[in-house]
Amino acid sequence: MSTTEPIVRFVGIGKTYDGVSRVVDKLDLDIERGEFLTLLGPSGSGKTTTLMLLAGFETPTAGEILLEGKPLSRVPPYQRNIGMVFQNYALFPHMSIAENIGFPLSVRGVAGADIAKRVERALDMVQLSGFGHRRPSQLSGGQQQRVAVARALVFEPKLILMDEPLGALDKQLREQMQLEIRRLHQRLGVTMVYVTHDQSEALTMSDRIAVFHRGSIQQLDKPEPMYEYPKNAFVARFIGENNRLEGTLESVRDDRCTIHVAIGDSRIEGTLVEPVPNGGAVTVSLRPERVQIRDSGHTIDGHSGCQLPGLLQEIIYLGDHVRARVVMAGTHEFMVKRPISEAHTLPRIGSPVEVFWAPEHCRAFARES
Ligand code: ADP
Ligand code: MG
């Protein structure tokens, strides 16, 4: 078997619980050996179901999942050698931490002395050496979650699945645990499949992200291209901040296009990301950090299709950057995000301004149905 073969392959996987709605729909996905892959999507998009199918707690209604090239359909969960961590850490309250971590080993019939050694090692990996004799109730939420991770690691699975494992923790602890899990992944080289609905968590932790919507993958990419080059309006909306404009496609040349937007009967230029017929409905997305702002008196090229007029309503100071809120045509809000070093160059609040951008940052998508 070649080492470049994906560790997991979903081939045409479908799942319905009620025979009608397809919770997972024609899913094809290759998971690379050793990668940190995140399934990201809103609630109900089919992420947990996809993990459960891989773990073996649910059965696909179509397709086949391969683990190291072997079909999984007849392999029960406990023989798949997959570690799991859930949101509610599900530690046994009456057992010590060491017993909790050793549990997957004792059910697999590993000898007692060997269990003790491996539990020690797992505790060390999650920086909880010396906590083995305590009960779960004597640990903080973050420590309990680390125990859950140790329990998933202890039998040295090839694959670890985590379903919103940090959802119950407060922001600070969550961010600390994100980095810890990431480091653990790098140190162990184990393949991790991680579920979250939090886009910043996905961007922070992942080698690759699969964005889920209605049971199918909208885009599978590394964090940077996912953020910079979303492939459709859903992904653009779900990841990062957007200024969105609804419009109609007027013409296309190569990948550049002209869009009519309702704001003051304007025409703007952008990059057409996916095929749309002329006259078709498009959604334009502009990241706040890709937009600049200037006094309308200083317009350099009055004909450029990469600007829109508005009124500067508010400047919000955020320490490391500033946000300028611009209102267009009296109704439409536009957010501009600039580094703090540019704060003193911003026009005055209340003045007429122009927001402007480079055409490659103005991305036009087919409007979502
Ligand atoms: P996510 O984890 O992305 O929030 P889920 O995979 O949990 O999504 O759920 C996807 C859809 O499947 C939802 O509409 C949910 O209500 C439905 N669903 C999940 N589990 C079951 C189940 N055991 N029985 C029936 N419907 C389910
Ligand atoms: Mg879920």
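Reply: The account below begins with an open sheet and then turns to a barrel.

The model is predicted, so to speak of local features requires a pLDDT of at least 70 and to count side-chain atom pairs a pLDDT of 80 or more, while totals for chains, interfaces and linings use all residues. Residues are numbered from 1 along each chain as its sequence is written, chains are lettered from A and ligands numbered from 1 in the order in which they are written, and side-chain values use heavy atoms, with hydrogens and water left out.

The open sheet consists of 6 strands in the order β6-β7-β8-β3-β9-β10, and its pairing is mixed. Here a strand is a DSSP run of E with at least two residues, numbered from the N terminus, and two strands pair if DSSP finds at least two bridges between them. Strands of a sheet pair through backbone hydrogen bonds, either parallel or antiparallel. At the edges stand β6 (82-85) and β10 (216-221); each has a single partner strand, so one side of each is left without a neighbour in the sheet. On average, neighbouring strands of this sheet are turned by 20 degrees against each other, direction ignored. Such angles are taken between axes, which are lines fitted to C-alpha atoms, and run from 0 to 180 degrees between N-to-C directions.

Within this sheet, β3 and strand β9 (residues 208-213) pair in the parallel sense over 4 bridges. Thr 38 has Ile 209 as its bridge partner in β9.

The ring centres of Phe 36 and Tyr 194 are 5.5 Å apart and the planes meet at 40 degrees, so the pair is tilted. Rings of Phe, Tyr and Trp (its six-membered ring) pair if their centres lie within 6.5 Å; planes under 30 degrees apart count as stacked, over 60 as edge-to-face and the rest as tilted. The whole structure contains 3 aromatic pairs.

The barrel is closed by 5 strands in the order β11-β12-β13-β20-β14, again with mixed pairing. Its neighbouring strands are turned by 55 degrees against each other on average, direction ignored. Strand β14 (residues 281-286) pairs with strand β20 (residues 363-366) in the antiparallel sense over 4 bridges. Val 284 has Ala 364 in β20 as its bridge partner.
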